[in-house]
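Subject: Structure handover

Hello,

Here is the structure I promised to pass on. Please open it alongside this email, and read the notes below with it in view.

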Amino acid sequence: MSPLFASLHMELVDRIKEIAESHINDENHFIVDVISKGVTGKTKFLILLDGDKGINIDDCADLSRKVAAEVELEDLIEYAYVLEVSSPGLDHPIKLHRQYTKNVGRSLSFKMKDGSEFKGELVNVEKASLEVLKEKKVQKKKEVEQINVPLDEIEKAKVLVSFK
């Protein structure tokens with residue numbers, strides 16, 4: 001991909017995000033990200049919609065219709081594409097502070113910028129850090145310690161699935 005095309009493509013992704021955000025009517029809903037996959041002619045634009053109290057398929061379908069209509073009205077994309085609206089799901093890392101807040105009480109896996117990794121329960125979210133009950137093994141027994149995790153030191157965090 002040429003630098004010019006890459007730049008124009010990122011502008012398009014940013015514009016799609018702006019359009020999506022302009023059509024959110026529920027203050028509990030928010031756009032996590034817009035991801036572009038594929039190449040020209042087969043590009044998929046995935047809008048990740050989340051909510052403080054969750055979202056449902058009707059929320060996704062409603063936003064998809066509104067964004068698609070505006071993209072067509074503005075004639076933004078000159079090639080074949082797919083537009084999809086979905087919840088982030090467990091395979092997408094947490095990107096926004098607001099997502100941490102909605103996941104208090106859940107177990108997360110953390111990969112830190114220094115390369116270390118750990119798991120723990122998110123117990124509190126501050127402006128610039130998280131309080132986490134970190135799992136650790138002490139003489140073959142699992143114990144926990146409460147730690148403060150600066151947000152700017154987190155490379156990636158994901159919600160862990162629990163089948164208990």
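How many salt bridges does a search of the whole structure find? The count is 9. Please keep in mind that this is a predicted model. Every value below is computed from it.

**Salt bridges**

Start with the network. R15, E18, E70 and E74 are linked by salt bridges. Two of the contacts involve R15.

- R15 with E18: the side chains meet at 3.1 Å, N to O. Both residues lie in helix 1, 3 residues apart, or about one turn of the helix.
- R15 with E70: the closest N and O atoms are 3.5 Å apart. R15 sits in helix 1 and E70 in helix 2, so this pair ties together parts that are 55 residues apart in sequence.

How accessible are these residues? E18 is partly exposed, at 45% relative accessibility. R15 is also partly exposed, at 25%. Is E70 buried or exposed? E70 is buried because its relative accessible area is 18%, and the cut-off for buried is under 20%. E70 belongs to helix 2, which covers residues 57-74. Leaving out neighbours within four places in sequence, E70 is in contact with R15, I19, S22 and H23.

Now a salt bridge elsewhere. R98 pairs with D52, and their closest N and O atoms are 2.8 Å apart. This pair links distant parts of the chain. R98 is in helix 3 (residues 97-102), D52 is in the loop between strand 2 and helix 2, and 46 residues separate them. R98 is partly exposed, with a relative accessible area of 29%. D52 is partly exposed too, at 32%.

As background, side chains of opposite charge can pair when their charged atoms come close.

**Nonpolar cores**

Which residues have the most contacts inside the largest nonpolar core? They are I16, I31, F45, I47, L63 and V67, in a core of 17 residues. Five elements each supply at least two residues of this core: helix 1 (3-22), strand 1 (29-37), strand 2 (43-51), helix 2 and strand 3 (81-86). Helix 1 gives the largest share, 5 residues.

Not counting residues up to four places away in sequence, L63 touches A20, H23, I31, I47, L49 and V85.

There is also a second, separate core. It has 14 residues, among them F110, M112, L130 and V159.

Next, the strand pairing. Strand 5 (residues 117-125) and strand 6 (residues 129-138) pair antiparallel over 5 bridges. They form a hairpin with 3 residues between them. In this pairing, L122 of strand 5 stands opposite V132 in strand 6.

How many bridges join strand 6 to strand 7? There are 10, and these strands also run antiparallel, with strand 7 covering residues 141-150. E135 stands opposite V144 in strand 7. The hairpin of strand 6 and strand 7 has 2 residues between the strands.

**Positive phi angles**

Most residues other than glycine have a negative phi.

- Q139 takes a positive phi near 50 degrees, in the hairpin of strand 6 and strand 7.
- K140 has a phi near 65 degrees, a positive value in a residue other than glycine. K140 is found in the loop between strand 6 and strand 7. K140 is exposed, with a relative accessible area of 87%.
- D75 has a positive phi of about 50 degrees, although D75 is not a glycine. D75 is placed in the loop between helix 2 and strand 3. At 55% relative accessibility, D75 counts as exposed.

**Surface**

One last item. Which residues make a nonpolar surface patch of about 340 Å²? L90, V161 and F163 do. F163 lies in the segment after strand 8 (154-159). Why does F163 count as exposed? F163 is exposed because its relative accessible area is 77%, and the cut-off for exposed is over 50%.

Best wishes

Methods. Residues are numbered from 1 along each chain as its sequence is written. This is a predicted model: local features need pLDDT of at least 70, side-chain atom pairs count only at pLDDT 80 or more; totals for chains, interfaces and linings use all residues. Side-chain values use heavy atoms; hydrogens and water are left out. Helices (H or I, at least four residues) and strands (E, at least two) are DSSP runs, numbered from the N terminus. Buried means under 20% relative accessible area, exposed over 50%, partly exposed in between (1.4 Å probe, protein chains only). Contact means heavy atoms within 4.5 Å. Patches are made of residues with over 30% relative accessible area and no salt bridge: like charges are joined within 9 Å, nonpolar side chains (Val, Leu, Ile, Met, Phe, Trp, Tyr) within 5 Å. Accessible areas come from the Shrake-Rupley method with a 1.4 Å probe; for residues, only the protein chains shown count as cover. A salt bridge is a side-chain nitrogen of Lys or Arg within 4 Å of a carboxyl oxygen of Asp or Glu. A nonpolar core is a set of buried Ala, Val, Leu, Ile, Met, Phe, Trp, Tyr and Cys residues joined through side-chain atoms within 4.5 Å. Two strands pair if DSSP finds at least two bridges between them.
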